[in-house]
Amino acid sequence: MIRLDKYLSDSTAFSRKEIRSLVKRRTITVNGNFARSADMKVNENADTVCVNGENIVYRKFIYLMLNKPQGYLSATEDDRDPVVVELIPEELKHFAAFPVGRLDKDTEGLLLLTNDGQFDHELMSPRKNLYKRYYAELDTPATEEDVKAFASGMHFKDFTAKPARLEIDPEDPSKVYVEISEGKYHQVKRMCEQVGKNVVFLKRVAIGDLQLDPALECGKVRELTAGELAIFGW
């Protein structure tokens, strides 16, 4: 059982002050009866709460898929550049979602956002060994020697990359897919540079078994389905 004002402030963009006003104006009902007060207790799993006749389903957490465009930082705020949370629709902004992990500013594609800290922790945990899949376009064609170099792991000044998978498009060897289980700064680009190639376009297309929705336009956001959350055991 939780307070009515918490039920509604968690689930909607209404502030606690606005909820008290709505109660006074008799626009909130609980199980068909006008709410008595903003602090009355309701069962979030059993009671039916409506505002202006609209049924409000209780939920505390939100899980979003974003097709991130270039030029946006994977952050909640920045003084100079636009940030990914600005792309969240107004009706969902009150959940205060934040990015799960990051994509570089000039990288497009799949980015998850949530306000569930445990979900973020689980997906970012190294023990998950969760692979991320990227589509990349290179300035010169990739070779089988590059495939072997990726599979062997790579040494850099600041870290040693785990073995990664490089797939070459048989029709155009300058187009490749890269799978890595880490997410170091510019990792895909740095690995390509180590084999003498420059990345001219980069897009993340999958996290584990979760694929970027091909119908989701660049810059758009949608909620994850129950089936998609189940991929991560959620």
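Author: In strand β14, Tyr177 is the bridge partner of Glu167. Strands here are DSSP runs of E with at least two residues, and helices are runs of H or I with at least four, both numbered from the N terminus. The model is a predicted one, in which local features need pLDDT of at least 70 and side-chain atom pairs count only at pLDDT 80 or more, while totals for chains, interfaces and linings use all residues. Residues are numbered from 1 along each chain as its sequence is written, and side-chain values use heavy atoms, with hydrogens and water left out.

Strand β13 (residues 165-168) is antiparallel to β14, with four bridges between them; two strands are taken to pair if DSSP finds at least two bridges between them.

A nonpolar core is a set of buried Ala, Val, Leu, Ile, Met, Phe, Trp, Tyr and Cys residues joined through side-chain atoms within 4.5 Å. Buried means under 20% relative accessible area, exposed means over 50%, and partly exposed lies in between, with a 1.4 Å probe and protein chains only. This core has 35 residues, of which Leu64, Leu113, Phe150 and Met191 touch the most other members. Leaving out residues up to four places away in sequence, Leu113 touches Ile62, Tyr63, Leu64, Leu66, Val84, Val85, Ile88, Ala97, Phe98, Pro99 and Val100, where contact means heavy atoms within 4.5 Å. A second, separate core has 17 residues, among them Val30, Met40, Val51 and Tyr58.

Met191 is also a contact of Phe156, along with Ala161, Arg190 and Gln194, when neighbours within four places in sequence are set aside. Phe156 lies in the loop between β11 (154-155) and β12 (160-161). Its relative accessibility is 17%, so Phe156 counts as buried. From the C-alpha atom of Phe156 to that of Leu138 the separation is 20 Å, the two residues being 18 residues apart along the chain.
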